[in-house]
Amino acid sequence: MTAGIAPLISRPAWKALQSHYQKVRDLHLRDIFAADPKRGERLTAEAVGIYLDYSKHRVTDETLALLRQLAEESGLRQRIDAMFRGEKINVTENRAVLHVALRAPRGTSIVVDGKDVVPEVHAVLDKMADFTNRLRSGGWKGHTGKRIRNVVNIGIGGSDLGPVMAYEALRHYSERSMTFRFVSNVDGTDFAEAVRDLDPAETLFIISSKTFTTLETMTNAGSAREWTLKGLGGDVKAVAKHFVAVSTNAAKVSEFGIDTANMFGFWDWVGGRYSMDSAIGLSTMIAVGPDNFRAMLDGFHQVDEHFRTAPFERNLPVLLGLLSLWYNDFFGAQTVAVLPYEQYLKRFPAYLQQLTMESNGKHVTLDGRRVDYDTGPIYWGEPGTNGQHSFYQLIHQGTRLIPCDFIGFIKTLNPLGPHHDMLVANVFAQTEALAFGKTPEQVKAEGTPDWLVPHRVFEGNRPSNTILLERLTPEALGKLVALYEHSVFTQGVIWDVDSFDQWGVELGKVLAQRIIAELEATTEPVLSHDSSTTALIRRYRKLKSL
């Protein structure tokens, strides 16, 4: 538990919210809006080019005031300041949490262990930009003298999800004469399909692994090395011309055959899921160029500063975090749907899954006590309008309460007749339908037979945010990611969990290492697992040899 902060359920605002929930839980958005004709204009917030309409939430002014009070009682302002000061708020790993330093402008200062880290950040960015410019201009040649036309990023988790999402999101700005692929799954199919139509002489691999020991990444990296050497006559010198590393382990990088001059580093105060704007984003920079990458960093920084300085009643990440917590902990909503109405953001919900659930999927507080409240809702979603013909049925008429974030843009990157107006109309229509629904009386007035009326009733009262930006630019992408990063932080502070460790991924990895040896053993291994796992191992060993 944070020093001086009471356990969550004993904080006055939490107790007040429990009582308040009993009074407002049955209020319907139809009645709330009818009582306040200006609500749709009043319950909005705008900053750094992001417009948030949060009026379609099952909240009153008292709800919002109590949620802000809870944030104050939870020490949110102090925790924000501690993060930006570089204090070691990742307590289980004794590390600072400074993804905000990755986008701090040149000349600012953020000190960790007595050292200003901002100059180091910009030194890496400059090195990335120099490499990118050489590659994109054709100055960097492969082993045979051919120009590099294909870039394959090999990573997993934060070393993959961020780069994949950013590439897809910024494809409009990408170098179209180059091909970009991403390999993460240890399933050999992922690698085989990624390289099947590529020429090794024109292909560069970026191996992204902080330790250069990550099982999936290094297995795929080994296959990439074999594929490259096989295609280039077996000369091991080729590795240095077709591989670069994003890592901190110079010895392992060199052992692999990569010139450490082409190793791009980062720091232990950068968590994997917060690293897409570090050297992990090298593939992004190669795709869109250094200027666009820096524009993305500027977008991140604008939201950082807004989060750091804005009062909670106008603070966009704080509002998002508090509203999510309201449904998670008081209404028992277990999920949040993120619905970008922008095809380029098709991988954004998948990216958010790691950011949100790896961060706040925790069952103990900072001081190791088991929580007695819900943490970490499940985040999921698909781009609109595809989802409307899939899972929206459940959101509208199912038995579960699913708060939704709708993300839209005023202007499209690809003007095509009426397409964009139709797309945006669906954003506004869906939030309206979710909030207000359709009553039995309205259904009957349409001439619907009595027996069919219950099937066509929409109960409404389904909450949503509408997040609008002008256009999907690199800067806008940075703003969106930072918006959710700090929303996650807000929730984690109130729940009093460590949002920056991920011990939950460790146990399965350790057991897998043991089982790999048992699956590959040439003689029958002595097994000491449970009966299910033992039987599965024996069945696999028997059938794979047939």
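Trainee: Which residue does F205 stand opposite in β8?
Mentor: In this predicted model, strand β7 covers residues 203-208 and runs parallel to β8, joined by four bridges. Within that pairing, the residue of β8 that stands opposite F205 is F243.

Trainee: Which residues of β8 point the other way from F243 and A245?
Mentor: Strand β8 spans residues 243-246, and its side chains are divided between two directions, with F243 and A245 pointing one way. All of these residues are buried, including the ones that point the other way, V244 and V246.

Trainee: Which residue of β9 stands opposite A245, and which helix does the chain cross through from β8 to β9?
Mentor: Strand β9, residues 263-264, pairs with β8 in the parallel sense over two bridges. In β9, M263 stands opposite A245. The crossover from β8 to β9 is of the β-α-β kind and right-handed, and it passes through residues 250-256, helix α11.

Trainee: Which strands stand at the edges of the open sheet?
Mentor: The open sheet has five strands with parallel pairing, in the order β6-β5-β7-β8-β9. Two of these strands have a single partner each, so one side of each is left without a neighbour in the sheet; they are β6 and β9.

Trainee: What angle does the direction of α9 make with that of β7?
Mentor: Helix α9, residues 215-231, packs on the sheet and touches β5, β6, β7 and β8. Of the strands it touches, β7 is joined to β5 by five bridges in a parallel pairing, and V151 stands opposite L204 in β7. The direction of α9 makes with that of β7 an angle of about 160°.

Trainee: How far apart are the end C-alpha atoms of α7?
Mentor: Helix α7 has 12 residues, 158-169, and at 1.5 Å a residue it should span 16 Å. The distance between its end C-alpha atoms agrees with that expectation: 16 Å.

Trainee: Is N328 buried or exposed?
Mentor: N328 lies in helix α14, residues 316-331. Leaving aside residues up to four places away in sequence, N328 touches A333, D374, T375, P377 and W495. Its relative accessibility is 5%, and buried means under 20%, so N328 counts as buried.

Key: Residues numbered from 1 in each chain as written. Predicted model: local features only at pLDDT ≥ 70, side-chain atom pairs only at ≥ 80, totals over all residues. Heavy atoms only, no water. Buried < 20%, exposed > 50% of the residue type's maximum accessible area, 1.4 Å probe, protein only. Pairing = 2+ DSSP bridges. Right-handed = clockwise from strand over helix to strand, strands pointing away. Expected span 1.5 Å × (residues − 1). Contact = heavy atoms within 4.5 Å. Axes fitted to C-alpha atoms, helices over the stretch in contact; angles between N-to-C directions.
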